[in-house]
Amino acid sequence: WQETNHEYPTESTLKDLRTAITYIKNMCLTDDELDALETDIDNLPELYRGYQRALKAGHRMDYDDQLCFALQILRGAPAVAKAFRERYQYFCVDESQDTSKVQHEIIRVLAQESGNIFMVGDEDQSIYGWRGAEISNILDFKKDFPDAKVYKLEQNYRSTAHILNAANRVIANNKKRFDKVLKTTKEGGKRVEVFNAYNDREEVD
């Protein structure tokens, strides 16, 4: 950081940089996409490439590299991919709205041939896009696995009608989602209240 931006980074800045590096790797960004990435971090492409050079020089890899290299091996070594397909013939993916592009591609490479995959997820609960979670993994599921069936779980057993009606109205404004409406047998219940907390402590209390 100091060599590139000529200043000492703050702890917050380093945290943002780590998040950005995770995003870049999990989205499998090309060099051109990296250079075009909009960010508040000064000279992010240079920082990222310097970080990768340092890892390589030290014969090291980070967690996200393990995913990227795994995908490279599966794509580049058919015998390895075949061995893993024979060893692991059925795949179950939970919380699939939180999977990244590289994670989903690993799953696709391993499971597409057999089609033995069961994915559970809710695109309406996708909140980790900032760290690489890719909502299209759910929305495009039928493109990757054309013979698959999609089941919508619209019956809610926990919440009351007031809560679900409010949630349905809010989430319906999202453009990238399956058309579904949550229903409940619990009529009535307490009405939804809007609470504006003065600070984080008040919100916790």
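Lys 143 is exposed in this predicted model. Its relative accessible area is 65%. Lys 143 pairs with Asp 140 in a salt bridge, and the closest N and O atoms sit 3.8 Å apart. That distance counts because the criterion is a Lys or Arg side-chain nitrogen within 4 Å of a carboxyl oxygen of Asp or Glu. Asp 140 is partly exposed, with 28% relative accessible area.

Next comes Lys 183. This residue forms a salt bridge with Glu 154, with 3.7 Å between the closest N and O atoms. Lys 183 belongs to strand β4, while Glu 154 lies in the loop between α9 (141–144) and β3 (155–156), so the pair ties together parts 29 residues apart in sequence. Lys 183 counts as partly exposed, at 43% relative accessibility.

Now turn to a linked set of charges. Asp 122, Glu 123, Asp 124, Arg 177 and Lys 180 form one network, joined by salt bridges that share partners. The side chains of Asp 122 and Lys 180 meet in a salt bridge at 3.4 Å, N to O. Asp 122 lies in the loop between β2 (117–119) and α8 (136–139), and Lys 180 in the loop between α10 (161–171) and β4 (183–184), so this contact ties together parts that are 58 residues apart in sequence.

Are these two partners buried or exposed? Asp 122 is buried, at 18% relative accessibility. Lys 180 is buried too, with a relative accessible area of 13%. Both assignments follow because buried means under 20%.

Across the whole structure, a search finds 14 salt bridges.

Key:
Residues numbered from 1 in each chain as written. Predicted model: local features only at pLDDT ≥ 70, side-chain atom pairs only at ≥ 80, totals over all residues. Heavy atoms only, no water. Helix = DSSP H or I, 4+ residues; strand = E, 2+ residues; numbered from the N terminus. Buried < 20%, exposed > 50% of the residue type's maximum accessible area, 1.4 Å probe, protein only.
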